[in-house]
Amino acid sequence: MRKKVIAGNWKMHKDLSESQSLITKLTNALSKEEVKCDVIICPPFTSLSEAAGLVKNTKVKLGAQNMHFEGRGAFTGEVSAAMLKSVGCEYVILGHSERRAIFGESDETINKKIKKALDSGLRPIFCIGETLQERESGIMNDVIKRQITEGLHQVSKGEMEQTIIAYEPVWAIGTGVTATPDQAQEVHVYVRKLIAEIFGDDTAEKLIIQYGGSVKPNNAAELLSQNDIDGALVGGACLEADSFMNIIKSA
Ligand code: PGA
């Protein structure tokens with residue numbers, strides 16, 4: 001049995017005091033619950049250091065939303081894996097569709113970031129997913145396969161076991177349109193099969209595959225009841241402690 005992992009991607013929301021308030025509410029609520037899943041929050045860079053202090057000795061783990069693939073250097077505005085480690089991050093979201101679409105990140109760039117993160121002891125939450133046009137034109141499986149094979153190029157079996165995959169259909173992100181449990185389950189099975197082909201059945205069986213894209217308290221339980229949906233990557237609904245807690249409780 002895979003333990004479910006619920007992660008909150010705050011995106012570009014919450015200044016420092018808003019972050020303190022949300023984390024405090026969340027950790028207080030969690031301290032009163034028997035949660036069965038792992039919980040990760042990914043606040044913006046500016047709140048990470050403070051967040052690390054607030055989640056210490058709680059059930060919440062900390063992740064970042066992006067990083068650069070180089071270790072250091074003249075890369076104005078960028079943040080390295082070592083910097084994220086130094087403030088207490090365990091996870092980093094990589095390959096998010098907003099990074100791909102708005103900031104032009106290619107599969108090759110994402111691969112470099114994944115390898116750097118793993119090399120630095122950070123666990124990637126590697127996002128993949130097709131656009132509506134790709135789904136409707138029948139190339140969804142090809143897109144998912146390309147994202148996986150190129151994104152995970154030269155990643156070792158041991159490293160793969162440190163990696164989470166988040167399947168996030170682009171058409172479901174921030175739109176209020178969720179993939180149906182069946183649609184999500186079908187892709188998750190396909191992803192696990194691809195991972196089995198590259199890394200072996202045992203690695204694929206252990207792999208956490210999260211679903212992301214308009215996960216809300218009212219649809220989380222049904223999505224998470226699917227055999228191959230091992231958690232959720234939550235955007236909008238993680239910005240309020242109550243709604244995030246309700247998703248966590250349904251896992
Ligand atoms: P959403 O975002 O829950 O707001 O759709 C999910 C994500 O982008 O990770």
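## Ligand shell and helix packing in a predicted model

By class, the residues around the ligand comprise four nonpolar, seven polar and two charged ones. In this classification Ala, Val, Leu, Ile, Met, Phe, Trp, Tyr, Cys and Pro are nonpolar, Asp, Glu, Lys and Arg are charged, and the others, Gly among them, are polar.

The model is predicted: local features need pLDDT of at least 70, side-chain atom pairs count only at pLDDT 80 or more, and totals for chains, interfaces and linings use all residues. Residues are numbered from 1 along each chain as its sequence is written, and side-chain values use heavy atoms, with hydrogens and water left out.

Of the 13 residues around the ligand, those that come nearest are Lys11, His96, Glu168, Gly174 and Ser214. A residue counts as near if one of its heavy atoms lies within 4 Å of the molecule. The ligand taken alone exposes 280 Å², of which the protein buries 97%; accessible areas come from the Shrake-Rupley method with a 1.4 Å probe.

Two residues of the shell have a positive phi. Lysine 11 has phi near 50° and sits in the loop between strand E1 (5–9) and H1. Serine 214, with phi near 55°, is placed in the loop between strand E7 (209–212) and H11. Most residues other than glycine have a negative phi.

Helices (H or I, at least four residues) and strands (E, at least two) are DSSP runs, numbered from the N terminus. Axes are lines fitted to C-alpha atoms, for helices over the stretch in contact, and angles run from 0 to 180 degrees between N-to-C directions.

| Helix pair | Packing angle | Axis separation |
|---|---|---|
| H1 (residues 16–31) and H2 (residues 45–55) | about 25° | 10 Å |
| H7 (residues 140–151) and H9 (residues 181–199) | about 40° | 11 Å |
| H11 (residues 217–224) and H12 (residues 241–249) | about 20° | 8 Å |

Angles under 35 degrees count as roughly parallel, over 145 as roughly antiparallel, 65 to 115 as roughly perpendicular and the rest as oblique. H1 and H2 are therefore roughly parallel, H7 and H9 are oblique to each other, and H11 is roughly parallel to H12. The crossing is right-handed for H1 and H2, for H7 and H9, and for H11 and H12; right-handed means that the near helix is turned clockwise from the far one by less than a right angle.
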